Amino acid sequence: MRVVFFQRLSESFKNLAPEITILLFAILSVQPHNFLGNSAISPFLCLSAVYYWSLYRPGHLSVLGIIIIGIITDLLVGVNIGFTPMLFLIVFSISSWWQKELLSKPFHIIWGGFALISAIAFFIAWAIISIFAFQYAEHEPFVIQYFMTLISFPILGWVLSHIQRVLSG
């Protein structure tokens, strides 16, 4: 009885690992850091995790989980509810669509795919904020956060690949 419980618990954890890591990276993303002398801007780490799991374990990443984590992130950051889930779903949709082409490629191509997809997400975020503010939003914070997110991807990819190996093994 006890062994069965722990086996089911372990299996549930393996199935929820993508959502758990995205949530952890979302929490890390909203923590103030002192990068480039500005603690208001930090890498959007959870976007990297959404991209990674969309490529490597798309069957374990649910749309409902992405939406819930996005809403939690919105509450943590203090933006309008629905903003982050929309960005997550854009990244999830595009990366799932490109999954078969990207998986057989070397890392620098996968990183380039992330660069392109995250650029689209950051541009959409900037455009939405500009539209809702009824004025041109400053693009510098978005550009800085984009590059910080892009630079952090190899490290996060390495961490997530080790988590994936532990879960698969």
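**Exercise 1. The nonpolar core**

Which residues touch the most other members of the largest nonpolar core, and of how many residues does that core consist?

*Solution.* The model is a predicted one, in which local features need pLDDT of at least 70 and side-chain atom pairs count only at pLDDT 80 or more, while totals for chains, interfaces and linings use all residues. Residues are numbered from 1 along each chain as its sequence is written, and side-chain values use heavy atoms, with hydrogens and water left out.

A nonpolar core is a set of buried Ala, Val, Leu, Ile, Met, Phe, Trp, Tyr and Cys residues joined through side-chain atoms within 4.5 Å; buried means under 20% relative accessible area, exposed over 50%, and partly exposed in between (1.4 Å probe, protein chains only). The largest such core has 40 residues, and Ile22, Tyr51 and Phe88 touch the most other members. Two or more residues are given to this core by each of α1 (2-30), α2, α3 (63-77), α4, α5 (107-133) and α6 (140-168).

**Exercise 2. The overall fold**

State how many helices and strands the protein has, and what share of its residues is buried.

*Solution.* Helices (H or I, at least four residues) and strands (E, at least two) are DSSP runs, numbered from the N terminus. The protein has 6 helices and 0 strands, in the order α-α-α-α-α-α along the sequence. Of its 169 residues, 41% are buried. Where contact means heavy atoms within 4.5 Å, 70% of the contacts between residues at least 6 apart in sequence join residues at least 24 apart.

**Exercise 3. Two helix pairs**

Describe how α2 packs on α4, and then how α5 packs on α6.

*Solution.* Axes are lines fitted to C-alpha atoms, for helices over the stretch in contact, and angles run from 0 to 180 degrees between N-to-C directions. Angles under 35 degrees count as roughly parallel, over 145 as roughly antiparallel, 65 to 115 as roughly perpendicular and the rest as oblique.

Helix α2 (residues 45-56) and helix α4 (residues 83-103) pack at about 40°, their axes 8 Å apart, which means that α2 is oblique to α4. By class, their contact has 12 nonpolar, 4 polar and no charged residues, where Ala, Val, Leu, Ile, Met, Phe, Trp, Tyr, Cys and Pro count as nonpolar, Asp, Glu, Lys and Arg as charged, and the others, Gly among them, as polar.

For α5 and α6 the angle is about 155° and the axes lie 10 Å apart, so α5 is roughly antiparallel to α6. Residues making this contact include Trp111, Phe114 and Phe122 of α5 together with Tyr146, Leu150 and Phe153 of α6; the contact divides into 15 nonpolar, 3 polar and no charged residues.

**Exercise 4. A residue of α3**

Is Leu76 buried or partly exposed?

*Solution.* Leu76, in helix α3, counts as partly exposed because its relative accessibility is 43%. Neighbours within four places in sequence aside, Leu76 is in contact with Ile27 and Val30.
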